[in-house]
Amino acid sequence: MNIARQEKEPPTCRLTDDKISIGLALVGEDIQVAARAGGREIARGRFPANQIGTAALLNYLTDCQTPLRLAVATAGAAAVSLALTVGAPHDREVFLVSAHTHSAASDLAHYAERAI
């Protein structure tokens, strides 16, 4: 979801017993997000890549209320900072993935889902 240009309701993380896998990719001025659970995509959206967008992303992730696995495309210091912000203080599994290998949020969510 792009908060600055909100077009529809925010994507939801449906409550599930499975872990939710989240892919995060910094693309231009957006943080693109894809969520997977049970082998299928359950949500997709985007947030502005700024303080307000990061705060909204953190609220979105908190609403999931299930264990999360996140894969973040590492395309610079901003991506590493995002990974630390969304993962470390919340005791979530975070995978740093080369942006050259996986750069789309949906590919990253799939990576987090199958990573061991």
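Q: What order do the strands of the open sheet have?

A: This is a predicted model, in which local features need pLDDT of at least 70, side-chain atom pairs count only at pLDDT 80 or more, and totals for chains, interfaces and linings use all residues. Residues are numbered from 1 along each chain as its sequence is written, and side-chain values use heavy atoms, without hydrogens and water. Helices (H or I, at least four residues) and strands (E, at least two) are DSSP runs numbered from the N terminus, and two strands pair if DSSP finds at least two bridges between them. Here five strands form an open sheet in the order β3-β2-β1-β4-β5, with mixed pairing. The edge strands, β3 (40–48) and β5 (93–98), each pair on one side only.

Q: Which way do β1 and β2 run, parallel or antiparallel?

A: Strands of a sheet pair through backbone hydrogen bonds, in either a parallel or an antiparallel manner. Strands β1 (residues 20–27) and β2 (residues 30–37) run antiparallel, joined by seven bridges. Gly23, for instance, has Ala34 in β2 as its bridge partner.

Q: How many bridges join β4 to β5?

A: Six bridges join these strands, which run parallel. Val72 stands opposite Leu96 in β5. The chain passes from β4 through α2 to β5 in a right-handed β-α-β crossover; right-handed means that, with the strands pointing away from the viewer, the path from the first strand over the helix to the second runs clockwise.
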